[in-house]
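Work through the exercises below with the sequence and the 3D view open. Each task is followed by a solution in steps.

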Amino acid sequence: YNCTGSDTVYVAVSPPPVLKARALKRIGCDSLCVQWSNQSGLSPSGHTFWWDYGDGSPLDTSYSASHCYSQPGIYYPVHYAKSTAGCENQLALAPVIIVPSPQLRADVSDTALCDNGCVQWTNRSGLDSNFFTFWWDYGDGSLPDTSFSGRHCYAQTGTFYPRMYVLRNDSFACTAQLDLARIRIENSPTLSLLSAEGGEWNGSVYVLEPEVATAVFSWQVNGVNQLSVDWGDGQT
């Protein structure tokens, strides 16, 4: 008979969702909170979204995402979407890079000085001055010093609290500061001879009377905790 028959089947093919997302900031120091803006234009009612932040935290099913990274490292987040028709797609996002802030260390030559005392700080941070900028605040109102190691002479007495700062010279721009040891500057003691009895002056030499050979000296002192006199005859 050679009979034939036919029918028509219509197949609707749904495209996978096209994803697009942008991070407002994805580099930082020590820790960083990142926000991603979902720019796919896909309807939340017709799609399911989730985010893998790359640090082992649970998946986030928000439309747009926000996540805080607490440790330095390089993280590779991924954005996923699935339509109601069952079509899926994923987008590898730009990596999140977090570096540790620089660690500072400095040794000081002295912390207690007299009058116009000069203090030397040795930079022990181990950071390369080609990649980091240093500056010193000596705590006395003087201009900051951008030397690798610091040196400063204090022109007045008092207690001063210097600090050391550093800036990383790249897009991370990490900063750190270190409170240095307190510096105390005191006045030197003053000593002046008020009177001498038992002889007479011959220039800067006091000559005793031969028949007495005893002298009495009086001094005026200021800021003195201990006074010693070397009499020049072996006795102190």
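**Salt bridges and strand pairing**

A search of the whole structure finds 6 salt bridges, a salt bridge being a side-chain nitrogen of Lys or Arg within 4 Å of a carboxyl oxygen of Asp or Glu. The model is predicted: local features need pLDDT of at least 70, side-chain atom pairs count only at pLDDT 80 or more, and totals for chains, interfaces and linings use all residues. Residues are numbered from 1 along each chain as its sequence is written, and side-chain values use heavy atoms, with hydrogens and water left out.

**Exercise 1.** State which strands pair with E7, and how they run.

*Solution.* Strands (E, at least two residues) are DSSP runs numbered from the N terminus, and two of them pair if DSSP finds at least two bridges between them. E7 (residues 78-83) is joined to E4 (residues 47-52) by 6 bridges, antiparallel. Here Val-78 in E7 stands opposite Asp-52. E7 is also antiparallel to E8 (residues 88-92), with 5 bridges. Tyr-80 has Gln-90 in E8 as its bridge partner.

**Exercise 2.** Find the salt bridge of Lys-82 and classify the exposure of both partners.

*Solution.* The partner is Glu-88, with the closest N and O atoms 3.7 Å apart. Partly exposed lies between buried (under 20% relative accessible area) and exposed (over 50%), using a 1.4 Å probe and protein chains only. Lys-82, at 34%, is therefore partly exposed; Glu-88, at 49%, is also partly exposed.

**Exercise 3.** Describe the salt bridge of Arg-184.

*Solution.* Arg-184 meets Glu-186 at 2.7 Å, N to O. Arg-184 is partly exposed at 31%, and Glu-186 is partly exposed at 37%.

Notes. Helix = DSSP H or I, 4+ residues; strand = E, 2+ residues; numbered from the N terminus.
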